[in-house]
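Me: I've got a model open here and would like to talk through how it is packed. Can you take my questions as they come?

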Amino acid sequence: MAHFDENAKPFSNKWLDERIGLNTLKRVLNTEYWIPKDINFLWAMGMVLAATFGILVISGIFLLMYYKPDADLAFDSVNYTIMSEVGFGWLWRHVHGVGASIVFLIIYIHMFTGIYYGSYKRGRELIWLSGMGLFVAFSAEAFSGYMLPWGQMSYWAGMVITNLFSGGSLEAYGLVEWIRGDYVPGDAYLTRFFMLHVLLIPLAIIGLIVLHFGTLRLPHVNNQEGAEIDFDEAASLWKAGKRKESKVIPFSPVFLSKDIFVMGVYFILFFYLVFYHFDFAMDPVNFDPANGLKTPAHIYPEWYFLWSYEILRPFSKDVGLIAFGIAQAAFVFLPFIDRSPNVAPAHKRGLFQIWFWVLLIDMIVLTAMGKLPPTDPTFAFIGLVSAILFLCMGPILVVITMFEKKIEKGA
Amino acid sequence: MRELKIFAIVAFFSLLTYYLVEPYAHHAMHMKVDKDGNEIKIESHGFTYDGTDDIAEAKRKGDDALVAKKEAFWSDVVVVSSMTGDTVAGEAVFANCLGCHSGANINMGGVVPPNLDHAGAIYDKNYLIALIKDPAMASNVDHKYADTSMHPMGSIKFTVTDNQQIADVVAYILEKKVGEVTAKEVFTEACVRCHAVRYAKMTQIGETPKFKHRKDALAHEIKVIEEQDRIKAYMGNLPPDLSMMIRARSSHFLETFVENPQSGLPGTSMPRVGLNQEGYEKVKEYLTEAGDPSKKAREELGPWVIGFFVIFTILAFLWKKSMWRDLH
Amino acid sequence: MEKERRDFMGLSLGLFTAAGSIGALYAMKRTWDPLPSVKAAGFTTIELANAKPNELVVEKWRGKPIFVLKKSADMEANDRDVIVGGDRFHISIGLCTHLGCIPAYEKDNHEFFCACHGGRFNASGINEPGLPPPSPLEIPPFKINGTQLVLGEEGPEYKKMKIDNLIA
């Protein structure tokens, strides 16, 4: 056994250091976790996401205290007990609902930041992959949570999305019933999605967050120019007090101070939405109780699923499902289909820059078309074209990046 | 500055997406168009009633006879509206009403006739005139009847026939059936015979009392179900519980719908209720209490929390500035 | 100088955040409070007019059993009795003051007997010395309303008992 100082006061710095390596932890995770100095506020989105996840967990805990996962009781436990009886119950629900929606805005910003600056390229593939894992887990978490108030949108979203698993012409209705535990979304369905929402998926998310942070530690975060930094050299400059000359800053407290400022701005927007503009996240239609005999006039997913929903919609059933499947998986392969040798922001990468903006706009168009009524021929046509364009974006990326010239750094 | 430029780009695309999926998509989704593809604008008329909507609807159907009928009916209403009513004579006419509108909570012809204790305070004058002239036409549900005198209140056409009589009884109602009225009273008089509000323990036969014994509670529940069955038979299906309606529909929808149910749900069997502005405000107040009771607390707390984060952000900015001062 | 400024700003931000989190903690505390519907259900009305002497009626109030015992003429009077319409009643929370079991009423010897640890109370709810229960059966807050008893509200009779230290 190692040596332990018998004079160290319990729970003092030294005492803790000897037992759990406190100083090492602080050094590795905070004071000597080096972040490039050349960054902008988009680099704070990771911590903003972590904070939002924390807010979702805390508000979720208080909702969990009064929520009843029972097809007969769920709606009233949310809309009556939580919204009007529980002290500040309405606050937790609004925070949870708005948080669940806005977290996807930040996820998309975070993701497109990564694409723009090439932060998925050699050495950082696992950051991207674990991030995509988080995206999938958050999507599942959002969907399962959307079931719980058991309103009309919950029920019919549950119906439609689980039906996707029938696999079109495969007609795997047995699988659909197995997922639901019933012929239609019912009590068994609600309780199992409740379990997924409050236990299994959050566990997966926490695990993936740890993995995501872990994958960052060695490759370090990217910087605005995609410059390769000698972190050892930069770190020794910092430690020698040459703050101006060093290209890096420690995560804590210097990087964090910027993060917290960005978080503050974000929270102003967040709570404005919570108190005054929550309808976009808490669809009014979902305040009608679930009714298995009446489909609402318009059904549509929450905004963050619209782009992939629109890729499904314009095609016939089987083609639609395949297109949808490809779209779901497409982003995962990004580190492997971008063949360019450059880690650089899009504006320095020629055709890639055009590709990036086309992708962004195409996804926004898909998102809009996903919500607009499909009965309008103009919207349906725009939807079809943007869906096909989206499916072509992968092969296009392979081609344009193969011919991308290597940028000479330091020129 | 570079960061502001990036922020502007992020904000632009976020707001664009928001605009497309919220205001724009919802407008496109709920837009109603006529045969020629022109948008039908649904607007509130400030809870006054002159048949504008009814006539426009008939025109859209292309039914000339119906248009003529509605125009004649509503111009007649305007004529009666300009007549001077005599409240003393009106009281005598009102005696005819009490046969059904006794406040006894008994279903007659499919529905419980509403209590008229505050009718003068909560209903519009033109609407009352129209209702007495022809209930089905006034409430814009004439499409349900081959002959509008088949309406449960249709016999009024034969009891109160003279325009002066109508002017008298309406003058009486507007003068005598008024007074301070609570949100709950308005809701009970105007809506409860068809709609329940379970979050306020309100059913079609009134507020549910507290029962000590399960047997009494069940007996009461059966009475409620029986009344609901009668309404179902009358209306075609059971009108929805309104507990969460204040959050389930936009305020624009609620206003225009209460003014003219046909505007929101063409073909619905729900009659126009004829509330005036004050009556509607009370109904809205009641529904808010039932479905969104935390609205006030929410609106009060909002500025504090947002204010907190504004100061938080200022402090965080100053801290960040001090941290980053000697870095460049 | 610069370091001081940094520390000062960090400290103000920290303190301000801590102040804000007190507000959040208050909201959390309120969420744990009993619901208004639970509190509203904290009142029970008991009709005493039909009670028969020496027959124990058990009612429920705030989830607890309530003993209502109309005393017969041969039963000893006590200051703890509730007098309604000239009749004496013993009213108490029917939970043994030892560890919370429900004692059974023995009609013949006018005693409550707790089977858990052998505690005994007389018909006025007074514990017999030398046995496990440390104190008499507790009297719930009540208010006399004609021939009815409203549990959960403190009427003058209850307040007097409280002053006289007779509640438990």
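Me: Which residues have the most contacts inside the largest nonpolar core?
Reply: Bearing in mind that this is a predicted model, the residues with the most contacts inside that core are A:Phe104, A:Ile115, A:Phe270, A:Phe271, A:Phe331 and A:Trp355, and the core itself has 220 residues. Helix 5 of chain A gives the most to this core, namely 16 residues.

Me: What does A:Phe270 touch?
Reply: Leaving aside residues up to four places away in sequence, A:Phe270 touches A:Ile55, A:Val95, A:Val98, A:Gly99 and A:Ile102.

Me: And what does the second, separate core include?
Reply: That one has 18 residues, and C:Val82, C:Phe89, C:Ile91 and C:Ile93 are among them.

Me: Switching topic, how much area is buried between chain A and chain B?
Reply: About 5,200 Å² is buried there, with carbon and sulfur atoms giving 72% of that area. On the side of chain A, A:Phe41, A:Phe275 and A:Lys371 supply 11% of what the chain buries against chain B, which is more than any other three residues.

Me: How many salt bridges across that interface?
Reply: The rule finds 6 salt bridges between chain A and chain B, one of which pairs the side chains of A:Arg243 and B:Asp326 at 3.4 Å, N to O. For polar contacts, the rule finds 17 residue pairs across this interface, with both residues at pLDDT 80 or more.

Me: Which helix gives the largest share of the chain A side?
Reply: Helix 11 of chain A does, with 14 residues, and by class the side of chain A that touches chain B has 43 nonpolar, 11 polar and 8 charged residues.

Methods: Residues are numbered from 1 along each chain as its sequence is written. Chains are lettered from A and ligands numbered from 1 in the order in which they are written. This is a predicted model: local features need pLDDT of at least 70, side-chain atom pairs count only at pLDDT 80 or more; totals for chains, interfaces and linings use all residues. Side-chain values use heavy atoms; hydrogens and water are left out. Buried area is the accessible area (1.4 Å probe) that two parts lose on being put together, summed over both. A salt bridge is a side-chain nitrogen of Lys or Arg within 4 Å of a carboxyl oxygen of Asp or Glu. A polar contact is a pair of N or O atoms within 3.5 Å; within protein, one must be able to donate a hydrogen and the other to accept it, and residues adjacent in sequence count only if both atoms are side-chain atoms. Helices (H or I, at least four residues) and strands (E, at least two) are DSSP runs, numbered from the N terminus. Ala, Val, Leu, Ile, Met, Phe, Trp, Tyr, Cys and Pro count as nonpolar, Asp, Glu, Lys and Arg as charged, and the others, Gly among them, as polar. A nonpolar core is a set of buried Ala, Val, Leu, Ile, Met, Phe, Trp, Tyr and Cys residues joined through side-chain atoms within 4.5 Å. Buried means under 20% relative accessible area, exposed over 50%, partly exposed in between (1.4 Å probe, protein chains only). Contact means heavy atoms within 4.5 Å.
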